Protein chains: 4
Amino acid sequence: MSSSYGQNLKISTFGESHGGGVGVIIDGCPPKLPLTEADIQKELDRRRPGQSDIVTPRKEADECEILSGVFQGMTTGTPICVVVRNKDARPSAYNEMALKYRPSHADYTYDSKYGFRNYEGGGRSSARETIGRVAAAVVARKAIESLVSGVEVIAWVKSIKHLNAEVNPNTVTAEQVESNIVRTGDAEMVQPMIDFIKETRGDGNSVGGVVECVVRGCPTGLGEPVFDKLDADLAKAMISLPATKGFEIGSGFAGTQLTGREHNDHFYMEGDKVRTKTNNSGGVQGGMSNGEPIIFRVAFKPTATIMTAQPTVSTDKEDTELTGKGRHDACVLPRAVPMVEAMVWIVLADHLLRQRAQNGL
Amino acid sequence: MSSSYGQNLKISTFGESHGGGVGVIIDGCPPKLPLTEADIQKELDRRRPGQSDIVTPRKEADECEILSGVFQGMTTGTPICVVVRNKDARPSAYNEMALKYRPSHADYTYDSKYGFRNYEGGGRSSARETIGRVAAAVVARKAIESLVSGVEVIAWVKSIKHLNAEVNPNTVTAEQVESNIVRTGDAEMVQPMIDFIKETRGDGNSVGGVVECVVRGCPTGLGEPVFDKLDADLAKAMISLPATKGFEIGSGFAGTQLTGREHNDHFYMEGDKVRTKTNNSGGVQGGMSNGEPIIFRVAFKPTATIMTAQPTVSTDKEDTELTGKGRHDACVLPRAVPMVEAMVWIVLADHLLRQRAQNGL
Amino acid sequence: MSSSYGQNLKISTFGESHGGGVGVIIDGCPPKLPLTEADIQKELDRRRPGQSDIVTPRKEADECEILSGVFQGMTTGTPICVVVRNKDARPSAYNEMALKYRPSHADYTYDSKYGFRNYEGGGRSSARETIGRVAAAVVARKAIESLVSGVEVIAWVKSIKHLNAEVNPNTVTAEQVESNIVRTGDAEMVQPMIDFIKETRGDGNSVGGVVECVVRGCPTGLGEPVFDKLDADLAKAMISLPATKGFEIGSGFAGTQLTGREHNDHFYMEGDKVRTKTNNSGGVQGGMSNGEPIIFRVAFKPTATIMTAQPTVSTDKEDTELTGKGRHDACVLPRAVPMVEAMVWIVLADHLLRQRAQNGL
Amino acid sequence: MSSSYGQNLKISTFGESHGGGVGVIIDGCPPKLPLTEADIQKELDRRRPGQSDIVTPRKEADECEILSGVFQGMTTGTPICVVVRNKDARPSAYNEMALKYRPSHADYTYDSKYGFRNYEGGGRSSARETIGRVAAAVVARKAIESLVSGVEVIAWVKSIKHLNAEVNPNTVTAEQVESNIVRTGDAEMVQPMIDFIKETRGDGNSVGGVVECVVRGCPTGLGEPVFDKLDADLAKAMISLPATKGFEIGSGFAGTQLTGREHNDHFYMEGDKVRTKTNNSGGVQGGMSNGEPIIFRVAFKPTATIMTAQPTVSTDKEDTELTGKGRHDACVLPRAVPMVEAMVWIVLADHLLRQRAQNGL
């Protein structure tokens, strides 16, 4: 269904930007994993608006509550429902949005599909929807860590428009990324990126960029032949995030500039472990993990909301003009990092349980 | 499951390169659509090895048989099973593959996942698996055409390594693409691409490239918010194809070099139709089609099989060496074109039926 | 997944007897259906404890809140989350249940499956779980009524132990059933059943019985061949309700006492409508509705909680004894009626949308 | 989808009575299980027409072929496709069926749903469809036996019309059932049942009855709370079989005649094993197996095809008459036994893999 993901660890998100709240049900989670609201809150705070002076200053407390599936601090194996109440409701700010379609937003397509839409704050298309994903990922991660040890998922801002960070996926640490508000792994690019985002915001404009992500310590054999390949599911998961326009794994699009002789990853033995000399495959071969770091990149377009008058059409199909208002991210990249990581944990956990079902661990 | 795709039009493929055969079940197809084996055969012939002198000369007759779900030349609404018998079996050619992992193939990951693999011709990881997809797409296309008219899906070879074709997605025709054995839409690049593929093959090497695809005439509102976004499902479908390393839609990765002011697609009225001036969104906004052409690109890596000795490891975990043998594509791109188109029809048909279920057509 | 049901109209329930609350997400609902909390509350009140003096006097306010998916009083097509907060928490009442397995309850099997359980009030196995189903059914019913008119779902108490009601499924009305607190359709059995339930409760004992249900006005052709037959899905839906031990449709088990000559339902024309003279099929043939009333019966066992000391075992595997405490239904039948109806609406709505997807309406 | 079943072990059947063939894909099967066509053929022969002189004398060779998913005699973990070619095609026998609806068959509902049907031999509604289920069950059983030992599934004919067999579910053996052509477990009822079936057939009439089934040695904790309860899934599986009208587990409908005091199953320790003194629960509590024998009964109506003129309507909606022709079972019960067992193995295998995914084994 539209708002559910996963076969064995299944998440179902709900909620709009304004209204009662947003949240998620996580079903199929192994029992007896310690889980508290504080565990989830910590990750929600990483995606929260207002966390630094380069993201939207909008205040969203985003306090989560676990409604079910946890007893005496441990998962029970039954559905875990996490809800975050909406607070910062200012419906009046959206009167104009009720009547005009914001360019490059989902207003028109929602109306086109359903003949009706919740226009307050983007409704279901708001980035607030990702709160449910981030909460689910905390559970997914705990499920993985209860079954295998040493799995690391680290994402970082690889580029913001023309500013490229140099980051080694094999060695970068979560601490390095989290040490700066841009969430890039290249210390030298921190200040230029911050300055550029502020400058862009000052100009009422917006920018996009690329998030890169590595999974280290992934067991071999995750992912399934044909449709549910691990890289295919990661691609879907990433392109399901708001504002994404591209996904590539390993050598990606640049790999088309190599010949097979240059591109092939030669196997060799490192002790009793099968390794590859290069990693153009990006850790996935034939749709299954091969034990090398899984490395992929995701393109995020510049935020659609800008503080400029733009031509558009009205809901009654007249040409008109609309000027962005409110408090928005001039660059979504720093907040996209935890969203990317969240989707990876969710995909990996489902595949790990599927692997356990068919092949054991 | 690993080998099934779709919610309302569901396909389940089966089969290995060698063994009894390959095929597909298509379930949920609307009844009373005319369907013959010849309809399917025509598309199978487009993906078939041996169809021209720039693809593998391997002979695969690929004759399909419809086992069920069709009566008196029409679909009955019950599962349609299409099977293609395997013929060109030469097990002896694979003795070495039983004992050594081919670099950048799925041999090692299959063994790692299942502890066992069908090594003949790559088994389930063979491109023969896509026969089921291509057959299913014929049914999917008929389902779509029975419900809406004017939907076109056209893919072409956009680039082979450094050779880039200039093709206008808004005007290119299926005839232009099919008129040349490379399946590119740029007449001037046909001969250079043919020459380059032959040269590469002569050198025992291989190359990759990019396939671009356009969907014209797609109804608005296809795709669903959150996980099953139309672009997310297209991304998954494409990365589920063999040898793919990247997917991008609309402005894609290049779009990260624009500001929001440059990137936003302004709406305007063209008669009574809502259009956008630019199409950086690639025809999808918020995961739903907006009526503009859906344009995306898929990166295919260079074919892994090359006629050169390469270091690798054996199944008993010793360093060794392996030289490619047999008749393989030096460049998979011309045959990838119908595979890309097939997956688009399959994704669109499922989303069209889902749309019909929830919102009517 | 364990707590999800449906393909096109999908519901996912969550929640335990004690803890934050219980509820449901409904995904895939057609847009623009009027929906208020009052609509849902009305049905919740029918399943509520404390509604009459023959059901448990336990107080559960069961006030529902719609958290998402509704805007300006109408469904938006996105997931509808309904939550009911838990209130009447008295954990101390359950100390003994933490250490001993109640006979014929799910305590032991939960522990056996998950190695851990929420023992307060039965946790996830509590009948409070059905709140989510009843809420979802309100939405399901609205979805059906927006697409076809004249569908009626009426269930009633057919028997309580040896007391059998005479009810004509073809003519019984919802008003007749709802006019008495037993929810039977036979006016003459109302008082005997009430007396018998009170007597049973006075004795600290419990009784079960049979709920019968009719669907009138169901469109023909709902249900799908093979696994997802309409009767098969109704069977699953009914046996998924707490305390059920049997399901039969049409002639049911008694039909095995007839010969084919007696059992076959002869077709005849009634105006331009195909009818059957008898209805041993119970309105379903080959798994699809044939337009006749769908009639089925569900067996509910006597409530497991009784006010008597019973032998059992402790969680540390010692023989012991346990006496039921608290306020429980001596007979679950009156409250089972709305649960049965709820599951029918849910099953029908999903099949109606599936039908619309494949075959149109 | 209509013709698929299962979450982790998923089967998809296809095929009509006449046409190319019938079969099944089994996906998600653990790898390295020994599997041959002979293994499958043995069970197909148990459901085959013509196996004895009390079933239809129709000749169906039903020779199976494994097309995929098995290599060197072992499952590979990829989809297993089994196909059985149709042979005994006599389309002329069905000319009248094209124009008239057989009473209590699925002819009318198929036409009503799809507006079109394969009328030869009942098309998809033919009992030949169960060939795919029986084949899949062989794989399901092997999957179970590779993970847990000692699981037995035994079904038998409990009654044919008024003739009731006395069978002890706790001690009956597969050999006892298979030793007689009726497949009942009561030696004294064999000849009366055989005589009665022959007499019924001689009269051109038909009879139904009840199949009882026991699962012994089922691990505890199989089945999931709420919708996918083990008994709910068994109910669905049974009612998905052709000609079934009822399902009951444990005390079933008769259990409604007991009070809670009589009905409750008291726990006690037998060594270190938790047992129950009685088994009114039928081995399932709260939807999960409790380690006691799972005992259920399924009602099969009398076969719809009888050799008598019956009133019916034509496809162009006129009252008319139809007389059954051809070679049919006067009593489907003996052949229903392997079908019931097949569905149990399929349901159990899926739940065992789901259990393994979430909770380990």
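These notebook entries record what I looked up in the structure.

I worked with a predicted model, in which local features need pLDDT of at least 70, side-chain atom pairs count only at pLDDT 80 or more, and totals for chains, interfaces and linings use all residues. Residues are numbered from 1 along each chain as its sequence is written, and chains are lettered from A and ligands numbered from 1 in the order in which they are written.

I looked up H1 (residues 37-47) of chain A and found Ile40(A), Glu43(A), Leu44(A) and Arg47(A) buried. Buried means 20 or more other C-beta atoms within 10 Å of the residue's own, exposed 12 or fewer, and partly exposed in between, with C-beta atoms placed from the backbone. Helices (H or I, at least four residues) and strands (E, at least two) are DSSP runs, numbered from the N terminus. Down the axis of H1(A), the buried residues fall within an arc of 105 degrees, so they line one face; the arc is that of the directions from the helix axis to the C-beta atoms. The face turned away carries the exposed residues Ala38(A), Lys42(A) and Asp45(A).

Entry on positive phi. I noted that Lys32(A), which is not a glycine, has a phi near 70 degrees. Lys32(A) lies in the loop between strand E3 (21-27) and H1 of chain A, and is partly exposed, with 14 other C-beta atoms within 10 Å. Ala243(B), also not a glycine, has a positive phi of about 75 degrees. I found Ala243(B) in the loop between helix H7 (230-239) and strand E11 (244-249) of chain B; with 20 C-beta neighbours inside 10 Å, Ala243(B) counts as buried.
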